Amino acid sequence: MADEVDDEQPDSPVVLNGDDGQKLHLFIKAGNDGRSKGACPFCQDIFLKLLIKREADNDFSFDVITINCKNPPKEFKELSKKLPTLVHGDVVLNDIDDIEDYLDTISPNYKLAAQDPEAFKVQSNVFTRFTYLIKDVHNNPQILLDELEKIDSFLRIRNTKYISSNQITGLDCSLWPKLQHIRVAADYILHLSIPTEFEAVWAYLASAYELDAFVKSCPSDQEIVLHWVRRETSPREYLQLTKDDPKFSFDIPKALR
């Protein structure tokens, strides 16, 4: 479900230099300005994983290059058709699972992969339910709330800081950005908030907000809204979203503090 780049747009400047072929390069979706971080939860997933790897290993280095999906450089289109894309020398990967496996192979100091079928299953449908709701495939918010409740119940039973254990895994890096999109976009577009009664979900989000890696990799609220906003949005509202100073929802409801 990665972002696809547009092949019909004119070329942009070169994105890679010939002398840095052995460095890790992460290509992610650009924001509305064509330069800042865009709101792709899958791009944030990999960005977050790279930052966590670097925190565990000071010698682990990478750079991040934003790609305008409507105007991708020719050099990028020759590498990949999707975002995120990881490039390391001759290795080019744009599948989320393949990228995680590769990162664990080249940087084994902190393993992201987790064999936890229960945790994987409990969160596997929440983002699909959200996308169906926000794209008007269905209009019953209870379907999304039911999935959030499943995650909340699972987190309560597990009683760990993160979804699989007290150590961050790749599953957290995948789920946190999706929950952030649900939090921001569902509230703005659908006027649907994550209920405060889902205390474990909010505590789980709070654990993400405590991390520099999450904060650094997270797009602004405006970018998240612009990623999902419907076509019928007024031009004035759309323009205002692009002009407002970036806002980041990293707080939790007052009732839960």
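This is a predicted model: local features need pLDDT of at least 70, side-chain atom pairs count only at pLDDT 80 or more; totals for chains, interfaces and linings use all residues.
The chain comprises 257 residues, of which 51% are buried. Its secondary structure consists of 11 helices and 6 strands. Among contacts with a separation of 6 or more, 75% link residues 24 or more positions apart. The accessible surface of the chain is about 13200 Å². Carbon and sulfur atoms contribute 46% of that surface.

Strand β2 spans residues 24-29. This strand is mostly covered, with 6 of its 6 residues buried. β2 pairs with two strands, β3 and β5. The pairing with β3 (residues 62-67) is parallel and involves 6 bridges. Within it, I28 of β2 has T66 of β3 as its bridge partner. The pairing with β5 (residues 85-88) is antiparallel and involves 4 bridges.

Two helices, α7 (residues 170-190) and α10 (residues 221-228), pack against each other. Two packed helices are described by the angle between their axes and the distance between the axes. For α7 and α10, the angle is about 70° and the axes lie 9 Å apart. Angles of 65 to 115 degrees count as roughly perpendicular, and α7 and α10 are therefore roughly perpendicular to each other. On the α7 side, the contact is made by Q180, H181, V184, A185, Y188 and I189. On the α10 side, D221, I224, V225, H227 and W228 take part.

Most residues other than glycine have a negative phi, and most peptide bonds are trans. The peptide bond from L83 to P84 is cis, with omega near 0°. P84 lies in the loop between β4 (82-83) and β5. The other two positions have positive phi. N159, which is not a glycine, has a phi of about 55°. N159 sits in the loop between α6 (141-158) and α7. Its relative accessible area is 66%, so N159 is exposed. H191, also a residue other than glycine, has a positive phi near 55°. H191 is placed in the loop between α7 and α8 (199-209). The relative accessibility of H191 is 68%, so this residue counts as exposed.

Technical notes. Residues are numbered from 1 along each chain as its sequence is written. Side-chain values use heavy atoms; hydrogens and water are left out. Buried means under 20% relative accessible area, exposed over 50%, partly exposed in between (1.4 Å probe, protein chains only). Two strands pair if DSSP finds at least two bridges between them. Contact means heavy atoms within 4.5 Å. Accessible areas come from the Shrake-Rupley method with a 1.4 Å probe; for residues, only the protein chains shown count as cover. Axes are lines fitted to C-alpha atoms, for helices over the stretch in contact, and angles run from 0 to 180 degrees between N-to-C directions. Angles under 35 degrees count as roughly parallel, over 145 as roughly antiparallel, 65 to 115 as roughly perpendicular and the rest as oblique.
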